Amino acid sequence: ALGTTGIAHTRWATHGGVTEANAHPHFSTERVAVVHNGIIENYVNLKAQLKEQGYTFTSDTDTETIAHTVHEELKSGKTLLDAVQ
């Protein structure tokens, strides 16, 4: 089922080209969607770790690592608040 809470915002990515695939929001399954304004300096390392955990990336952005990281934390039983801290 799709989520029940959302905040609307769209933007182009800082990393990667100006493409539809790189436009926010970014998703991890149907459970987590993320839009963020900023730069994740260590996203290359995070992306590699998440790929090892089985996550598939559909963009070239750093933001997609946030969606998958939050999803991983939720899978471990954390609340949304704990997962994003």
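Predicted model: local features only at pLDDT ≥ 70, side-chain atom pairs only at ≥ 80, totals over all residues.
**Helix H2: length and cover**

At 1.5 Å a residue, the 13 residues of H2 should span 18 Å, and I found its end C-alpha atoms 19 Å apart, which agrees.

I then asked which residues of H2 are buried. They are Thr-63, Glu-64, Thr-65, Ala-67, His-68, Val-70, His-71 and Leu-74. I noted the general rule for an α-helix: with 3.6 residues a turn, residues three or four places apart point the same way. I looked up what covers the buried residues of H2, and the cover includes S1, S2, H1 and helix H3 (80-84).

I followed the chain beyond H2 and recorded Gly-77, whose phi is positive, near 100°.

**The nonpolar core**

I looked for the largest nonpolar core and found six residues in all: Val-32, Val-34, Ala-67, Val-70, Leu-74 and Ala-83. Strand S2 (32-34) and helix H2 (63-75) are the elements that give two or more residues to this core. H2 supplies its largest share, three residues.

Leaving aside residues up to four places away in sequence, Ala-67 touches His-26, Phe-27, Ser-28, Val-32 and Val-34.

**Pro-25**

I located Pro-25 in the segment before S1.

**The whole chain**

I counted three helices and two strands in the protein chain. From the N terminus on, I read their order as β-β-α-α-α.

I recorded that 33% of the 85 residues of the protein chain count as buried. The accessible surface of the chain comes to about 5700 Å², and carbon and sulfur atoms hold 53% of that surface. Among contacts in the chain with a separation of 6 or more, I found that 47% are between residues 24 or more positions apart.

**Confidence**

I noted a mean pLDDT of 83 for the protein chain, with 84% of its residues at 70 or more. Which elements have the lowest and the highest mean pLDDT? Strand S1 (residues 26-28) has the lowest, at 80, and helix H1 (residues 43-52) has the highest, at 96.

Technical notes: Residues numbered from 1 in each chain as written. Heavy atoms only, no water. Helix = DSSP H or I, 4+ residues; strand = E, 2+ residues; numbered from the N terminus. Buried < 20%, exposed > 50% of the residue type's maximum accessible area, 1.4 Å probe, protein only. Contact = heavy atoms within 4.5 Å. Areas by Shrake-Rupley, 256 points an atom, 1.4 Å probe, with all protein chains shown as cover. pLDDT = per-residue confidence, 0-100. Core = buried A, V, L, I, M, F, W, Y, C linked by side-chain atoms within 4.5 Å. Expected span 1.5 Å × (residues − 1).
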